[in-house]
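My notes follow in the order I checked things.

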Amino acid sequence: MAGYVLRRLLVALPTLLLAAASVFFLMRLVPGDPALLILGDAATPEAVADLRAALGLDRPLPVQFLLWLERVAAGDFGRSITNGEAVGPLLLDRFAVTAPVVLAAVGAAALLAVPFGMLAAWKQDSLADVATVTVATLLLSMPSFWLGLILLLVFGLWLGWVPVVGWVPFAEDPWRALHAILLPVVTLALVEAGVLIRMARASTVEVLRLDYVAHARAKGVPEGRVLARHVFPNAFAPTLTLIGLVLGNLLGGIAVMETVFTLPGLGRLLVDAIFARDYPVIQGVMLFIAAIYVLVNLAVDLLYPVFDPRVTAD
Amino acid sequence: MRLRPNLVIGGTLLGFVLAVAAAALVWTPHDPVRTNLRRRLRPPSAEYWLGTDEFGRDVLSRLMTGAVTSVTVAAATVVVALLLGLAIGLAGGYLRGWVDRVLGALNDTLLAFPGILLALGLLAVMGPSRWGIVLALGLAYAPTVARVVRGTVLSIREREFVEASRALGNSEAYTLLRHVVPHTVAPVTVLATSLFGWVILSESALNFLGLGVPPPAATWGNMLASARPFMLEAPMLSIAPGAMIAACLLGANLLGDALRDILDPRDGA
């Protein structure tokens, strides 16, 4: 077990480093001088040279990278070009909007998907199974931003149940904040439930075929207990991996949701930064999301043996 | 072979989208970019089947030319992703050793950026354009292709017929092309079908965010984005482009499922 944990950690660390390197060098591909970008076209050559020295841009690239890495490791992501704000606190601030949406959506999707997927597999090829798979396929074929717009049209504009715009931070008014994230959470949960239902069903179908399930049934173990104790842990392990991937995908695509529902989260920050060519912010958001994605998948890997102890054996 | 509803429905949906795109190349009911402010936000009528948008442009014509953009961008992106992914996957899976380790590390790094995040980063550098999207999404999806190809190659290269080809004195390149590559066709075809749907979704999302094909060209994504303020007055503006994206995605998913069932006899998801 300790060896397994160590191996996983040793895989995650280089991935993070390489991700940081690719973000850094990607941003260096941008045409134009960052110092000139900060100061504007009217700057004197001396001022540009001074700022280049201050930012360390006159150093060789690998040195710049290591210095940058050192600062990032200490939580210093630099300052925004547009308003001079420190990027690190800005990221945390926006993440406080994004995180509840994504976590609630994944949680709701998993709670919805696992029972439906397992029941569909248990009643394989029945009408209920076909109906579940059809609904799941329809859900996962829904563009989330379109579903979001339609839910907004129906529940926001026609029925007036939720506010259409207006974000209030949780600290100020938790009740209104909950209202504001309700539709985005429902939208994302529905779309992602489609993927998870199919996965939960597929892995349950495979487990139900195994001899030990037949053996448990032959022993006279009640069917409910067979499903809960013998089938669920084994069938859940692959679904857990997918939940990790889904969480990352949601983070990657969150910009669209936050645009539909006018939420000031990480995704919106990234898109606004792209329009403003605010490279320190772009760099910060990309690295932040990639790091969370790697960490979530690491957490999933570490949780995996709880459901499927075989993986630690090799 | 029994009738497969997935194959029929998926094929019909994708065929419909391709037919709409093909038709738009030769004919649209109106000029998709001509504005007429006296005819803004008209409901569907005999002259404007799907109504007009906030600039008085015909929604149906814009939907049709949007299909051309989405289909060509998606097809080009899938080709880029397949070529890159095949090259990386074949090299890694067949040569193994340090080549595989280096390529694998690169692949894992790209996979550390979820979904369209990598494409967003690349577009930030390249600036929004049609070919920028193709390159950005192509690079973003290539690692997925590479992983599938590598896995297939690794399982095939140890089989007796590959050994036999080498034992007969065939060159490595010949063995690879003649005996290994054909086995990747089935999984890659299944993947390419699903990829087509994912790319249309991602491309629409990027256009929705305003990071794609510049206006006034119509894309389903930018039509949806500009429809948002007029949702109540003209719901058709929001419904129509999204329905086209959903049709592509559903079509690609169903067709992908059907192809997997046909090409891969093992019982899968």
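Predicted model: local features only at pLDDT ≥ 70, side-chain atom pairs only at ≥ 80, totals over all residues.

**Chain B, then its interface**

I started with contact range: among contacts in chain B between residues at least 6 apart in sequence, 70% join residues at least 24 apart. I call two residues in contact if their C-beta atoms, placed from the backbone, lie within 7 Å.

Residues are numbered from 1 along each chain as its sequence is written, with chains lettered from A and ligands numbered from 1 in the order in which they are written.

Next I looked at the make-up of chain B, and found 9 helices and 0 strands. Helices (H or I, at least four residues) and strands (E, at least two) are DSSP runs, numbered from the N terminus. The C-alpha atoms of chain B fill a box of roughly 75 × 50 × 30 Å along the principal axes. I get 49% of the 269 residues in chain B as buried, meaning 20 or more other C-beta atoms within 10 Å of a residue's own, again placed from the backbone.

Then I turned to α9(B). It has 29 residues and reaches 42 Å from first C-alpha to last, close to the 42 Å expected at 1.5 Å a residue (1.5 Å times one less than the number of residues). I count 23 of those 29 residues as buried, so α9(B) is largely enclosed by the rest of the structure.

How many residues of chain B are in contact with chain A? I find 35, against 38 residues of chain A. α9(B) gives the most to that side of chain B, with 9 residues. The chain B side divides into 25 nonpolar, 8 polar and 2 charged; here Ala, Val, Leu, Ile, Met, Phe, Trp, Tyr, Cys and Pro count as nonpolar, Asp, Glu, Lys and Arg as charged, and the others, Gly among them, as polar.

Helix α7 (residues 144-158) of chain A and helix α9 (residues 235-263) of chain B pack at about 150°, with axes 10 Å apart. Axes are lines fitted to C-alpha atoms, for helices over the stretch in contact, and angles run from 0 to 180 degrees between N-to-C directions. α7(A) and α9(B) are therefore roughly antiparallel (over 145 degrees). The contact involves A:Trp146, A:Leu149 and A:Leu153 from α7(A), and B:Pro235, B:Ser238, B:Gly242, B:Ile245 and B:Ala246 from α9(B). I sort these into 6 nonpolar, 2 polar and no charged.

Technical notes
Parallel < 35°, antiparallel > 145°, perpendicular 65-115°, else oblique. Buried ≥ 20, exposed ≤ 12 C-beta atoms within 10 Å, placed from the backbone.
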